[in-house]
Amino acid sequence: MKSKVKVLAIMLIITALVVPLYAGGATDSPRANETSPVEEIIKQAEGMSLEELAKKAIEESNGKMFYGVGNSSRGKTALPLFISYLQTIDPNYTLNYEWQQPKNNKIFDQLTADSLKSTGTFAMTLIQDGNQIESKMVRTGILDTFIPKEWAEANGTTADEYKGFLPLQTLNKVFMYNNTGDKEFDNVWDFVAPGEHGLFMDIDSEIVGKNFLYMLTSDQYSAVLKDAFDALPEEEKATFQATIDQVATDADDLGLGENGKYALAWIKLWVESYNAQTDDGPICNTLVSQSATDQFGLIVYSKLRSVEESATVSKKFVDIAAYNDGYKGFGGFGYCHYLFVTDNSPLPWTACAFIAYMVETADGFSAWGKDIGGYSANPVVAEETEAIYKHKTGGMAEDGVTVVYPALNDRGGDWWLSENRLVLEDPSYCASVSFTVGSWIEMLSKYTPN
Amino acid sequence: MTSEFTTTKANKSRIRKNKMKTFFSKPENAILLLMGIVLTISTVAPIYAIVKDTISIHPGTIDEFISKRSSGYTIANYIDLFTSNLAKRNLWDPLVNTILLSVGSCVMAILYGGVFAFLITRTDLKARKYLSAIFIFPYIMPQWTLAVVWQHMFSSNAVTGTSNGLLASLGIVMPAWWCVGLFPSIVVLGLHYAPFAYILIGGIFRNMDANLEEAATILDTPKWKTMFRITIPMIKPAILSTILLVFGGAMGSYPVPHYLNLTTLSTKYVSMNDKYTGEASILAIIMMLFGVAIMFVNQLSLKSRKNYTTVTGKSGQISKITLGKVGRVLIAILLIILTFFTSIFPIISFAFETFLPNPGDYSFLYTGDTSNLTTKWWVTSENITENGMYGQMGILHNDTIWKAYRGTIWVAVCCSLFAGTIGTMIGYAVSKHRRSKAASYVNSMAFLPYLMPSIAVGAAFFILFSNQYFNLFNTYTLLIIVGTIKYIPFASRSALNSMLQLSGEIEEAALIQNVPWHKRMLKIIIPIQKTSILSGYLLPFMTCLRELSLFMLLCTQGFILATTLDYFDEMGLYAFSSGINLILIVTILICNTVVNKVTGASIDSGIGG
């Protein structure tokens, strides 16, 4: 036994000692600066219409296997619609497909591992978390951005002019609360008041939640928090003032703007009070239950769609805080589902055509568009989607006048995405503060019911 | 001179060849050599990969931020993990929680399983057969399902800040330490692993030499003294084996602490993986070191094992303790109630859950209105109409679930066949050379992956097979390789134990008759030891069916049932996860019954009355 342990120990020591020497000449990732064949195809594709791209896709992938990977399972719903569209051009076209949805941040590991092959498995991806996309996928040259021509036109820009990633949609997570009690939420600071424990997916489980907190420290959103704070009655202000003063030095040390202390104070109070849950689903199940009096959560808006009415469960029991008259501050946060072609895509033309189909047509977006709380980044598609699904009046009775479920009347992307009603993710800003503000957040003590 | 030299050289070479021929003419030698090489590679390679990962720079993570480089190697991860302001939060607190959880689970499993085994095997308790069968149910079920049931039972608006669970609805509010954290995690894992203790300790109780206790009785030794001086020392090896199996299992458990809100090394590994990838790998190594340490302790304990000899009269059979007319019934009722809550209630709860309109919505209980029940979770055949199904089709029509089911069966069957066969071969070869160092080495190497926490093994294999040469993420091949390596000990241990009981003369007789090796195995050895060997196939099969911690890093969520189940549980879609649980339990029970009827082998083989 002793000899075995010795052998094992020697092996580990050799590994630890030899590998760094062996790796002496490592350099920074070279792929990011070279133009790959896929990038060349993307360049051409950016000048083509959807129909032209569709013809290229048919040429390239007829009868082949298409692998996609994404944070949203709906990619699996969109693919057959895309195939049907291609079949309107060539009825004999066929495509086998597989859509994978890894969990626990594995999508980044999976794409990184796949990028090591000369020709990858995945043709494209639908991915969230701008921060990690920026630092792990784009700077390293693993993913390439493709800007479809008609999408750019709809947004009054061109592929060359547009800077940033291609968003399929902006999703929102909004503050909603159980209204069976008499508690009112009319200011974003109400959610961090003493004794409040909002239900929220842990920031370590879903990184977009962490990005939301990073964004609060930007000049734009810290000003929103300052304004909301100023609107509080004096006695409520006094409740928060001590925390704001306490973090003022940290805000300076972190190089934040003049209102940074308001952001840090809100973040501190939130992290130290929220009641972490495994997913938005269980939170929604809780909030719509009659017994969850005065509970609130910060969850994906669209979760409400799946609640079935029963004796003790109803969508009526929930209100959206931002819809309250006179509400001050942001009503939640927004993050994007981005679309990318992998830099070693086995089917780059098909990937481009599929991406264009999803962002340029209402049919392509329908997998997501049928739900509230997801707003197409293409204004034309957004308008068509609203015309089809009528989300703005989704909570009305059949007469179209009586409000049955106020929470289901989604005020739409135009409303949510304006006037700082949502804290919107900026990948570059998130990446820049990830290890400064990020480390500060990690030092905070999270709330646990025990 | 030259020709003499050439002749000597030729002779030496011939002698070497003959020696090798003689060596390989014994199949057990070939097996030991082959397995020695294969197991060394399969154990060392992932360890190498994960050690390398701890010093590699990962773009977008802390090591890049500290080293200011996006590739190459650094020791920044070690320095940051052990010395930064976050060391307490990222390392020491989770480590303490992990140790407490592992120790607590061992104690709970041994106490509950041991007492149960004693009552079943050494007393005249009523309903022993039923209790024996029902006791292993928590092991059959995925471990976190008990955690979910715990949540459904005890969560409350007042304490956990969620909707009311069953007890809270009846006005009973449990304190926070009962609802979440260390205590419920220990209870859940203890209940899950108690069948290990039951099977191992029960096996000894059933087969133990009755002479020792009889002798004590003849010498008028008080019962408590007999218990502490004879019975407990006799079951010490089984207790150590239980610790061996449970400690690593509890340490590597991800879902139970995750659902019950306890931060352990496993949950920290997952949560740190995005920004602190290299540091997460160090956590995995720390967990692996515990595995190695446990193996070391086990080896020490084997060396100090005691033998006993009786100097009084002899006894023919094990004497059963009489619990009394009332006692045997009363204790049986108590155990039936207890096992109802650990084994039957979860199944009833799963079944009910699949008929509720919303997850956890027990409206029908409060209102008495059965129209608040639905069959939609089973029979809905489309996903266009939004009827509270989260865009999913009913279980009977859900492709994702059935594809995952087929995948799971495929992985379980392959792992069972490979692990069972390789383990049996190892058991056979080791038993033939029981005193040799090579055999001891192979035996230990085969056992090592089992002692390493599942999540750490999964992490190591993920890193090993995610490169430009081998990219096996999300393939059944990877799951089968990892499952086989992890579960070989199930078969090797049971095969070794049974082969050691087999007299060498039986095989020697066949050898004299020139019967080839494969025939000796198939016609003599395997038929004699079929029960033990089959349990070496059955355990990997069952464990694979509901394994999550080992596989969760190696595939996507719809790939096998355990990841699909976890996905639905996390999403709060308890109807689907409960339905999958029922499918799993029914599958395992059918398999166990079929194997039992055909071969006589079963998981609790012959312990219960």
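In chain B, the centres of domain 1 and domain 2, taken over C-alpha atoms, are separated by 22 Å. Domain 1 of chain B covers 96-353 and domain 2 covers 393-602; such bounds come from an automatic or database domain assignment. This is a predicted model: local features need pLDDT of at least 70, side-chain atom pairs count only at pLDDT 80 or more, and totals for chains, interfaces and linings use all residues. Residues are numbered from 1 along each chain as its sequence is written, while chains are lettered from A and ligands numbered from 1 in the order in which they are written.

How many residues of domain 1 of chain B are in contact with domain 2 of chain B? The count is 25 residues of domain 1 against 28 residues of domain 2. Two residues are in contact if their C-beta atoms, placed from the backbone, lie within 7 Å. On the domain 1 side, helix 8 (143-154), helix 13 (223-251), helix 15, helix 16 and helix 17 (325-353) of chain B give two or more residues each. Helices (H or I, at least four residues) and strands (E, at least two) are DSSP runs, numbered from the N terminus. Helix 16 of chain B gives the largest share of that side, 7 residues. By class, this side of domain 1 of chain B has 17 nonpolar, 7 polar and 1 charged residues. Here Ala, Val, Leu, Ile, Met, Phe, Trp, Tyr, Cys and Pro count as nonpolar, Asp, Glu, Lys and Arg as charged, and the others, Gly among them, as polar.

Now look inside. A nonpolar core is a set of buried Ala, Val, Leu, Ile, Met, Phe, Trp, Tyr and Cys residues joined through C-beta atoms within 7 Å. A residue is buried if 20 or more other C-beta atoms lie within 10 Å of its own, exposed if 12 or fewer, and partly exposed in between, with C-beta atoms placed from the backbone. The largest nonpolar core has 172 residues, and those that touch the most other members are B:Ala109, B:Ala284, B:Val442, B:Ala459, B:Ala460 and B:Leu554. Why does this core lie between domain 1 and domain 2 of chain B? Both domains give residues to it, so it lies between them. Take B:Ala284. Leaving aside neighbours within four places in sequence, B:Ala284 is in contact with B:Ile50, B:Tyr269, B:Ala456, B:Ala459 and B:Ala460. A second, separate core has 135 residues, including A:Ile41, A:Ile42, A:Leu304 and A:Leu339.

Next, chain A. Its domain 1 is 33-168 + 337-382, and its domain 2 is 172-334 + 405-442. The C-alpha centres of these two domains of chain A lie 31 Å apart. Between them, 16 residues of domain 1 of chain A are in contact with 19 residues of domain 2 of chain A. Helix 6 (130-138) and strand 11 (374-376) of chain A each supply at least two residues of the domain 1 side.

Strand 3 of chain A, residues 124-127, is covered on both faces. A:Met124 and A:Leu126 are buried on one side, and A:Thr125 and A:Ile127 are buried on the other. In a regular strand the side chains alternate between the two faces of the sheet. Which strands pair with strand 3? Strand 1 (residues 64-70) of chain A pairs with strand 3 of chain A in the parallel sense over 3 bridges. Strand 10 (residues 332-342) of chain A pairs with strand 3 of chain A in the antiparallel sense over 4 bridges. Two strands pair if DSSP finds at least two bridges between them. All 13 of its 13 residues are buried, so helix 13 of chain A is largely enclosed by the rest of the structure.

A:Glu419 has a positive phi of about 50° although it is not a glycine, and A:Glu419 is exposed, with 9 other C-beta atoms within 10 Å. B:Asp220, also not a glycine, has a positive phi near 60°. B:Asp220 counts as exposed, with 6 C-beta neighbours inside 10 Å.

Finally, the two chains meet. Here 69 residues of chain B are in contact with 65 residues of chain A. On the chain B side, helix 2 of chain B gives the largest share, 6 residues.
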